[in-house]
Amino acid sequence: MYKELTVAVVVPAYNEERLVGPTVGGIPDFVDHIIVVDDCSTDATAERAQAVGDQRMQLVRRQTNGGVGAAILDGHRMALELGADVSVVMAGDNQMDPAYLPALLDPIADEGIHFTKANRFYSREALAGMPAMRVFGNIVLSFATKAASGYWHLFDPQNGYTAIHRAALERLDLSRIAKRYEFENDLLISLNVLNVRSRDVPIPAVYRDEVSTLRLHQVAPRLTYLLFRGFWRRIFLKHVLLSFSPIAVLLFTGLALCTFGLAVGVVVIYETLGPPVASAGSVLLAVAPTLTGIHMLVNAMVLDIQESPD
């Protein structure tokens, strides 16, 4: 146990026969359960995990490859069945340093935070081992995820080194969360709808010589769609259905005014082609709603930032 908390570590693994053994072997003694989820690997991942001989380990073999999200969700379900108070995710590629596990658990044990995640972007030194394109992609994705999820104080959304309290897990509809690469982003959106308090923890990543199987041209469209859909789902569930908040009023009114102003603006521009015939009133009718709408949208974003559950 850790500070009176029963801790389970979920290790999702797909074709990690080389690194899953060191991952399992490095998990600290205070962890009560180790749940290795073999996502239908085609190599000896399961056998290498079992070869460690850790009595705390439970092996889950998926019959089909469902993606990292599906493997993690299966692990979280087993963690609940085993009675764990906290379920931690440590990927099977040994990139997540177990020495920082107490840093993830302390806010949950001491401050009532129900979700913590690692953040690799806490200093210039921490970025030294990270590929430049990965840094740029994560910065862009972090801002998009902030807007979609409402967790404006969180960064590095694709970092899978996380810890979640069973009180939050039990409230989540795990069957509705994305199963593949976009799992982390969708999880944040679902947690925000439930007002789950969250915290970023500065933890460096360990980059080895592993080769990523991620295909950006396949992931980017799916992730963009999820964030767009997730944003509107969060707004509807949290700010309309559960409580028609000022955020919803400002957002929808601002969008309506901007749309109206831009439509009038197109007409005004068309009328000024050739001999100018647009009146001052027509120009004002285009500019005033647009500026007012932008002001409302900015205020909606400010209120959304202030309501971020931390």
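Which residues in α5 meet which residues in α7? I took this up first, working on a predicted model.

**Entry: α5 and α7**

I looked up the helix pair α5 (residues 132–149) and α7 (residues 183–193). Their axes come within 9 Å and cross at roughly 30 degrees. Angles under 35 degrees count as roughly parallel, so I put α5 and α7 down as roughly parallel to each other. The crossing of α5 past α7 is right-handed. On the α5 side I listed Leu-141, Thr-145, Ala-148 and Ser-149. These meet Asn-185, Leu-188, Ile-189 and Asn-192 of α7. I sorted the contact by class: four residues are nonpolar, four are polar and none is charged.

**Entry: Ile-164**

Is Ile-164 buried or exposed? Its relative accessible area is 3%. The cut-off for buried is under 20%, so I noted Ile-164 as buried. I then looked up its contacts, leaving aside neighbours within four places in sequence. Ile-164 is in contact with His-76, Asp-85, Val-86, Ser-87, Ile-108, His-114, Phe-115, Leu-169, Leu-172 and Leu-191. I also checked Lys-117, 47 residues from Ile-164 along the chain. The C-alpha atoms of the two are separated by 8.7 Å.

**Entry: His-33**

My last stop was His-33, in strand β2 (residues 33–38). I read a relative accessibility of 18% for His-33. That value falls under the 20% cut-off, so His-33 counts as buried. Which residues does His-33 touch, not counting those up to four places away in sequence? I wrote down Thr-6, Val-7, Ala-8, Val-9, Arg-56 and Leu-82.

Terms used:
Residues are numbered from 1 along each chain as its sequence is written. This is a predicted model: local features need pLDDT of at least 70, side-chain atom pairs count only at pLDDT 80 or more; totals for chains, interfaces and linings use all residues. Side-chain values use heavy atoms; hydrogens and water are left out. Buried means under 20% relative accessible area, exposed over 50%, partly exposed in between (1.4 Å probe, protein chains only). Contact means heavy atoms within 4.5 Å. Helices (H or I, at least four residues) and strands (E, at least two) are DSSP runs, numbered from the N terminus. Axes are lines fitted to C-alpha atoms, for helices over the stretch in contact, and angles run from 0 to 180 degrees between N-to-C directions. Angles under 35 degrees count as roughly parallel, over 145 as roughly antiparallel, 65 to 115 as roughly perpendicular and the rest as oblique. A crossing is left-handed if the near helix is turned anticlockwise from the far one by less than a right angle, and right-handed if clockwise. Ala, Val, Leu, Ile, Met, Phe, Trp, Tyr, Cys and Pro count as nonpolar, Asp, Glu, Lys and Arg as charged, and the others, Gly among them, as polar.
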